[in-house]
Amino acid sequence: MTLKVDETQQDAWTVLRIHGELDLVSSPVVRQSVHRAVAAGRHEVVLDLSGVLFCDSSGVGVLIASRRLMKSCGGSLRLILPARGAVDGSHVNKVLGALGVRRLFDVYPDADAATDEESTPLTA
């Protein structure tokens, strides 16, 4: 399965909607998308992972590297996991939890919540 990244703007946030499998082969696509956003001066990025069906350690590595990049440029990175998935455990949420890195990320149920400065992240 191929990976597709769609980019939109929502208020001050760049929303990257990721669809497919986030693995060794496809993770560079996400990395490049985040780097392009930063290079264009957009330092508020949301990664919508609700369309990700599979994520391996390479995908998690890209998420952690993206978080590090956003922090280094004074920006913010937020993740979207489906509301049910954030509670019951979508595949990505399960992988992040199993590796002990879920707490590193601000996770929201949808783009409206992720781009609203008044919203609070979901708990791990």
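Colleague: How are helix α1 (residues 27-39) and helix α2 (residues 57-72) placed against each other?

Modeller: In this predicted model, the two helices pack at an angle of about 10 degrees, with their axes 9 Å apart. Axes are lines fitted to C-alpha atoms, for helices over the stretch in contact, and angles run from 0 to 180 degrees between N-to-C directions.

Colleague: What makes the arrangement of α1 and α2 parallel, antiparallel, perpendicular or oblique?

Modeller: Angles under 35 degrees count as roughly parallel, over 145 as roughly antiparallel, 65 to 115 as roughly perpendicular and the rest as oblique. The angle is about 10 degrees, and therefore α1 is roughly parallel to α2.

Colleague: Which residues of α1 and α2 meet?

Modeller: From α1, Ser27, Val30, Arg31, Val34, His35 and Val38 meet Ser58, Gly59, Val62, Ala65, Ser66, Leu69 and Met70 of α2, where contact means heavy atoms within 4.5 Å. This contact has 7 nonpolar, 5 polar and 1 charged residues. Here Ala, Val, Leu, Ile, Met, Phe, Trp, Tyr, Cys and Pro count as nonpolar, Asp, Glu, Lys and Arg as charged, and the others, Gly among them, as polar.

Colleague: How do you know whether Asn93 is buried or exposed?

Modeller: Asn93, in helix α4 (residues 91-98), has 10% relative accessibility and so counts as buried. Buried means under 20% relative accessible area, exposed over 50%, and partly exposed in between (1.4 Å probe, protein chains only).

Colleague: With which side chain does the side chain of Asn93 make a polar contact?

Modeller: The partner is the side chain of Arg102, at 2.8 Å. A polar contact is a pair of N or O atoms within 3.5 Å, one able to donate a hydrogen and the other to accept it within protein; residues adjacent in sequence count only if both atoms are side-chain atoms.

Colleague: Why is Asp11 called exposed?

Modeller: Asp11 has a relative accessible area of 66%, and is therefore exposed. This residue is in the loop between β1 (4-10) and β2 (13-22), and has a positive phi of about 60 degrees although it is not a glycine.

Colleague: What conventions apply?

Modeller: Residues are numbered from 1 along each chain as its sequence is written. In this predicted model, local features need pLDDT of at least 70, side-chain atom pairs count only at pLDDT 80 or more, and totals for chains, interfaces and linings use all residues, while side-chain values use heavy atoms, with hydrogens and water left out.

How values were computed:
Helices (H or I, at least four residues) and strands (E, at least two) are DSSP runs, numbered from the N terminus.
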